[in-house]
Amino acid sequence: MEGLCEYVLFPKFNAGLRESLTARLSHHLPAGYSVAADSQEADLHARVSVRQTPRRTVVVLTLVDKRDGRLLWSDEFTGDTDMDDYVPLQRSLAERMAAGLTGALENKRS
């Protein structure tokens, strides 16, 4: 999982979001797919870009084929920023991102 844009209000927001996304993906990927511990070993790369204001958080998740750099899928996920507790937002975004990405991988096989 690569982090691109780091325009966030909370210094650890992106790292926590990527960890939550990885945790969800590792249990829900379609057969034949797995999460690589080393990005050099992966054929597909997920890139995460986060932009955050005190009111909104916007995350773009992009799936790229490492072999030719071709964009396979991308989607935008948004939520209201909670300045007091951002963990529920990380969890919610990660769940939606994982569902979107696993759906894209299932469609890629079709």
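Accessible areas come from the Shrake-Rupley method with a 1.4 Å probe, and for residues only the protein chains shown count as cover. On this basis the protein chain exposes about 6500 Å², of which carbon and sulfur atoms supply 47%. The structure is a predicted model, in which local features need pLDDT of at least 70 and side-chain atom pairs count only at pLDDT 80 or more, while totals for chains, interfaces and linings use all residues. Residues are numbered from 1 along each chain as its sequence is written, and side-chain values use heavy atoms, with hydrogens and water left out.

The secondary structure of the protein chain comes to two helices and four strands, where helices (H or I, at least four residues) and strands (E, at least two) are DSSP runs numbered from the N terminus. From the N terminus on, the elements follow the order β-α-β-β-β-α. The C-alpha atoms fill a box of roughly 40 × 25 × 25 Å, taken along the principal axes. The radius of gyration is taken over C-alpha atoms, and the globule rule is 2.2 Å times the number of residues to the power 0.38; a compact globule with 110 residues would therefore have a value near 13 Å, with which the 14 Å of the protein chain agrees.

Strands count as paired if DSSP finds at least two bridges between them, and β3 and β4 pair in the antiparallel sense over nine bridges. Among the residues joined in this way is T57, whose bridge partner in β4 is G79. The two strands β3 and β4 form a hairpin with five residues between them, and G69 in the turn has a positive phi of about 75 degrees.

Of the 110 residues, 36% count as buried, that is, under 20% relative accessible area, as against exposed at over 50% and partly exposed in between (1.4 Å probe, protein chains only). A nonpolar core is a set of buried Ala, Val, Leu, Ile, Met, Phe, Trp, Tyr and Cys residues joined through side-chain atoms within 4.5 Å. The largest such core has 22 residues, and those with the most contacts inside it are L17, L21, V48, L61, L93 and M97. At least two residues of this core are supplied by each of α1 (13-28), β2 (44-52), β3 (56-65), β4 (71-80) and α2 (87-109), with α2 giving the most, eight residues. With contact meaning heavy atoms within 4.5 Å, M97 touches L17, L21, V48, V59, L61 and F77, not counting residues up to four places away in sequence.
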